[in-house]
Amino acid sequence: MTECSDWRSPYIAGLVDNHASITITIGKQPEGRIGFRIQVQCRIKLSGKDSTDLITEFCDDHDIAYRVDADRETTYDSYQFVVSRRDSLRTFLQLVAPYLIVRDGAVTLLCEKIIPRLNDGYHHEKKTFISLIEDIETFREKVGRANRSKYDINYFRNEWDDVL
């Protein structure tokens, strides 16, 4: 992981460690080559406009694609900061990784192994998809989201027993 001297990185790392949802979602995609897709995402719920401005400015400074969903229908404004493009997510997480405590292992696995394999097309062939799912399950355990997915390694082993 690369280190960044930007003072905002440790602050944002605290948000990622304690308030972020970092997920890898597997879903059906009938028109896809193997019928499934994989999406990565980091979502941070923020209650303050100042925190939202800080994190979006940070992303703008580092050419990271993001979106902010605002909910102003509640008593207090709330915001949801979302990064879902693979390369943007990787850049974002690598900038804060040196300051992570809770999610360091999960972020390292995501940035150094899973995202590069997605970029290499591992999710387009059944055999490589299975090996990618193994890493995704390890990621889910490290990030604290194990056993929350219908599409786990056992699902695909049963579904594609002819491939294995």
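User: Which residue stands opposite Arg67 in strand 4?

Analyst: The model is predicted. In it, Val82 of strand 4 is the residue opposite Arg67.

User: What makes strand 3 and strand 4 count as a pair?

Analyst: Two strands pair if at least two bridges are found between them.

User: Why are strand 1 and strand 3 said to stand at the edges?

Analyst: The open sheet has four strands in the order 1-2-4-3, with antiparallel pairing. Strand 1 and strand 3 (67-71) each have a single partner strand, so one side of each lacks a neighbour in the sheet. From one strand to the next, the twist averages 25°.

User: What packs on the sheet, and which strands does it touch?

Analyst: Helix 2 (residues 49-61) packs there, touching strand 2, strand 3 and strand 4. The direction of helix 2 makes about 20° with that of strand 4.

User: Why is the pair of Phe129 and Phe156 called edge-to-face?

Analyst: Rings pair if their centres lie within 6.5 Å, and planes over 60 degrees apart count as edge-to-face. For Phe129 and Phe156 the centres are 5.0 Å apart and the planes stand at 65°, so the pair is edge-to-face. Phe129 lies in helix 5 and Phe156 in helix 6, so the pair ties together parts that are 27 residues apart in sequence.

User: What makes Phe36 and Phe156 an edge-to-face pair?

Analyst: The distance is 4.9 Å centre to centre, with 80° between the planes; the cut-offs are within 6.5 Å and over 60 degrees. This pair links Phe36 in strand 2 to Phe156 in helix 6 (residues 153-159), 120 residues apart. Ring pairs also link Phe36, Phe129 and Phe156 into a cluster that includes Tyr151, Tyr155 and Trp160.

User: How do you know that Phe129 is buried?

Analyst: Buried means under 20% relative accessible area. Phe129 has 0% relative accessibility, so this residue counts as buried. Phe156, at 0% relative accessibility, also counts as buried.

User: How do you know the length of helix 4 is close to the expected value, and where is its kink centred?

Analyst: Helix 4 (residues 104-119) has 16 residues and reaches 21 Å from its first C-alpha to its last, close to the 22 Å expected at 1.5 Å a residue. A kink of about 40° is centred on Leu110. Leu110 is one of the buried residues of helix 4.

Notes. Residues numbered from 1 in each chain as written. Predicted model: local features only at pLDDT ≥ 70, side-chain atom pairs only at ≥ 80, totals over all residues. Heavy atoms only, no water. Helix = DSSP H or I, 4+ residues; strand = E, 2+ residues; numbered from the N terminus. Expected span 1.5 Å × (residues − 1). Bend = angle between axes of the 7 residues up to and from the residue. Buried < 20%, exposed > 50% of the residue type's maximum accessible area, 1.4 Å probe, protein only. Axes fitted to C-alpha atoms, helices over the stretch in contact; angles between N-to-C directions. Contact = heavy atoms within 4.5 Å. Phe/Tyr/Trp six-rings, centres within 6.5 Å; stacked < 30°, edge-to-face > 60°.
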